[in-house]
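This briefing is intended for a reader who is meeting the structure for the first time. Please consult the sequence and the model shown here alongside the notes that follow.

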Amino acid sequence: VNIASLDPDPKRRREILEADGKDFEWHGYSGYHEHKLQLLVEDALNQGRWAEARSLFERLACLAPAMEKDSTNHIEIRVLEARLLQSQGREELARRELNSLLEVAETRANRILKIEVLIALVELHIGTGEHVASLPYVLNLLGLAEDIPFDNMLVRIRILVAQVQLALGQTKEARKLLRSCLPHALGNCDAKIKTELGLVLVETYVVDSNATREDLREAVDKANEVESAARKTDHFKQLSQAYYLKARLYDRLDDRKKRNEAAHMFNQASRLAA
């Protein structure tokens, strides 16, 4: 399970976890089994496999009574539950859950745990279009993350900051921030984070009314890279986003044939992601 948690390739991580499930039976509470289920739920949520995420979470929730209510594991599970609620369109319930968790996290000395709750809160606000309301959480995140290692978590935070900047019209600032992450992300982050970084970077060109044709062609090349990466990981949600952005780029480039092809692929990938 620990090996799986460190593997940057979602497909390999899933294979390791599934093999682990075949080799080891469990009875009652098991820390290893709980950690395995957490990883599987997270992977299912990240890839938009909502029904599978719900099924796995129900199994994980059965373990929760065996944990202390304010334990790190219990809080992490409740963060997953809030993300699942958001995927089901129950944003207000997810918001209440996360704000409650933030109060608990404030009493703990675990900075990383508080960052995880804040990340989930910012993601929720971005998902509901409340970018201005997310700013206090973003500022809190930036303060907490000032000296953490340059890994998945820090890149996730910077992607969120860039998304908020984009929504507030700060296109150049968002692009600069994302580009500064690229060298580190390519060597240190998992496939999902690298693909997400690429998607938001492409979006900075899509929404930039001053982007030149050369800029747009460069963005198409980046979108093709993102599409290829999403295909390898079977991440249909990210794949559909890549096709959507490509369709918009080709529209800006007045290439109707490629725009329509990308739009058709977007529809297909969206059905797979549903």
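Cys181 counts as buried, because its relative accessibility is 0%; buried means under 20% relative accessible area, exposed over 50%, and partly exposed in between, with a 1.4 Å probe and protein chains only. The model is a predicted one, in which local features need pLDDT of at least 70 and side-chain atom pairs count only at pLDDT 80 or more, while totals for chains, interfaces and linings use all residues. Residues are numbered from 1 along each chain as its sequence is written, and side-chain values use heavy atoms, with hydrogens and water left out.

**Cysteines**

- A disulfide is a covalent bond between the sulfur atoms of two cysteines; here the term is applied to a pair of cysteine sulfur atoms within 2.5 Å.
- The count under this rule is 0 disulfides.
- The cysteine sulfur closest to that of Cys181 belongs to Cys189 and lies 8.2 Å away, which is too far for a bond.
- Cys189 is likewise in no disulfide, its nearest cysteine sulfur being that of Cys181.
- Cys189 is buried, with a relative accessible area of 5%.

**Overall make-up**

- The protein chain contains 14 helices and 0 strands, where helices (H or I, at least four residues) and strands (E, at least two) are DSSP runs numbered from the N terminus.
- Of its 274 residues, 47% count as buried.
- Among contacts in the protein chain with a separation of 6 or more, 60% are made by residues 24 or more positions apart; contact means heavy atoms within 4.5 Å.

- Two packed helices are described by the angle between their axes and the distance between the axes.
- Axes are lines fitted to C-alpha atoms, for helices over the stretch in contact, and angles run from 0 to 180 degrees between N-to-C directions.
- Helix α7 (residues 111-127) packs against helix α9 (residues 152-167) at about 30 degrees, and their axes are 11 Å apart.
- This angle makes α7 roughly parallel to α9, a description for angles under 35 degrees, whereas those over 145 count as roughly antiparallel, 65 to 115 as roughly perpendicular and the rest as oblique.
- The crossing of α7 and α9 is left-handed, meaning that the near helix is turned anticlockwise from the far one by less than a right angle; clockwise would be right-handed.
- Residues of α7 in this contact include Ile112, Ile115 and Glu116, and those of α9 include Met153, Arg156 and Ile157.
- By class, the contact of α7 with α9 has 9 nonpolar, 1 polar and 3 charged residues; Ala, Val, Leu, Ile, Met, Phe, Trp, Tyr, Cys and Pro count as nonpolar, Asp, Glu, Lys and Arg as charged, and the others, Gly among them, as polar.

**Helices α8 and α9**

- The axes of helix α8 (residues 135-144) and α9 come within 11 Å and cross at roughly 145 degrees.
- This crossing of α8 and α9 is left-handed.
- Leu135, Val138, Leu141 and Leu142 of α8 meet Ile157, Val161 and Val164 of α9.
- The contact of α8 with α9 comprises 7 nonpolar residues, no polar and no charged.

**Individual residues**

- Glu76 is located in helix α5 (residues 72-87) and is partly exposed, with a relative accessible area of 30%.
- From C-alpha to C-alpha, Glu76 and Val117 are 8.3 Å apart in space, and they are 41 residues apart in sequence.
- Gln238 belongs to helix α13 (residues 236-252) and is buried, with a relative accessible area of 2%.
- Apart from its neighbours within four places in sequence, Gln238 is in contact with Lys192, Thr195, Glu196, Leu199 and Ala230.
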